[in-house]
Amino acid sequence: HGIEASITAFQAKYLLRVFLDYFRDPAQALGELNAQLSVHGRAEEFVSMCVVVIDNPTQTLRYASAGHPAMWLWHDRDLEPLRATGPLITLDPGAAYGSRELVLDEGDLLVLYTDGLAEARNGPELFGEERVAAAIRRDPGAPVEVLCRDLLEEARSFATVDIGDDVAILAVRR
């Protein structure tokens, strides 16, 4: 979305890395990031972001999300949305962010994506998170590379115009 948005994204990524070194809890890191960008950033720019920390020795996932689209967790033969735990960064300088910790079992799948995927359009209709979920449910055991590729292709096939926003999809299986 232009040079100013790129600068904001770079600042947010850099500061987040610094705060994650200082705070173990991703919600604390998001809170500090929000406070800093609210003071030093451009008031008209909002940032959605999700922070996931996977701890292999304890087999846990801890996450916090600032207004980002729902992540999807395939666990125990069920697909669960992991929704935002706080508002967009800079929307409210004093916002509180929460975090959740979940145990990951062998074969669990986590799928994250940017809003460009869910906002693919067919006329006035959006691809939406329910279509994202349906695509994951069709074959949650597929290799992650195949799942990501198929999800993007499904959104492109749905769309009647070019997807205007960038799309990133990340799938992680334990």
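Which side chain does Arg138 meet in a salt bridge? I opened the predicted model to look this up. The partner is Glu154, and the N to O distance comes out at 2.3 Å.

**Entry 1: where that pair sits**

I traced both ends along the chain. Arg138 belongs to helix 4, while Glu154 belongs to helix 5, and the two are 16 residues apart. So this pair links distant parts of the chain.

Next I asked about the surface: is Arg138 buried or exposed? Arg138 has 53% relative accessibility, and exposed means over 50%, so Arg138 counts as exposed. Glu154 is at 28%. That falls between the 20% and 50% cut-offs, so I wrote down "partly exposed" for Glu154.

**Entry 2: the rest of helix 4**

Helix 4 runs over residues 128–138, and its buried residues are Gly128, Val132, Ala133, Ala135 and Ile136.

What covers these buried residues? I found several elements, including strand 3 (71–75), strand 4 (78–82) and strand 6 (109–113). Helix 3 (115–118), strand 8 (125–126) and helix 5 (144–158) are also among them.

**Entry 3: counting salt bridges**

How many salt bridges does a search of the whole structure find? I got 10. A reminder to myself: side chains of opposite charge can pair when their charged atoms come close.

**Entry 4: Arg100 and Glu80**

I picked another pair. The side chains of Arg100 and Glu80 form a salt bridge, at 3.2 Å from N to O. Arg100 is in strand 5 (residues 100–103) and Glu80 is in strand 4, 20 residues apart, and the pair links distant parts of the chain.

**Entry 5: Glu106 and Arg174**

Here is one more bridge: Glu106 meets Arg174 at 3.3 Å, N to O. I located Glu106 in the loop between strand 5 and strand 6, and Arg174 in the segment after strand 9 (169–173). They are 68 residues apart.

How do the two ends compare at the surface? Glu106 counts as exposed, with 68% relative accessibility, whereas Arg174 is partly exposed, with a relative accessible area of 29%.

Technical notes
Residues are numbered from 1 along each chain as its sequence is written. This is a predicted model: local features need pLDDT of at least 70, side-chain atom pairs count only at pLDDT 80 or more; totals for chains, interfaces and linings use all residues. Side-chain values use heavy atoms; hydrogens and water are left out. Buried means under 20% relative accessible area, exposed over 50%, partly exposed in between (1.4 Å probe, protein chains only). Helices (H or I, at least four residues) and strands (E, at least two) are DSSP runs, numbered from the N terminus. Contact means heavy atoms within 4.5 Å. A salt bridge is a side-chain nitrogen of Lys or Arg within 4 Å of a carboxyl oxygen of Asp or Glu.
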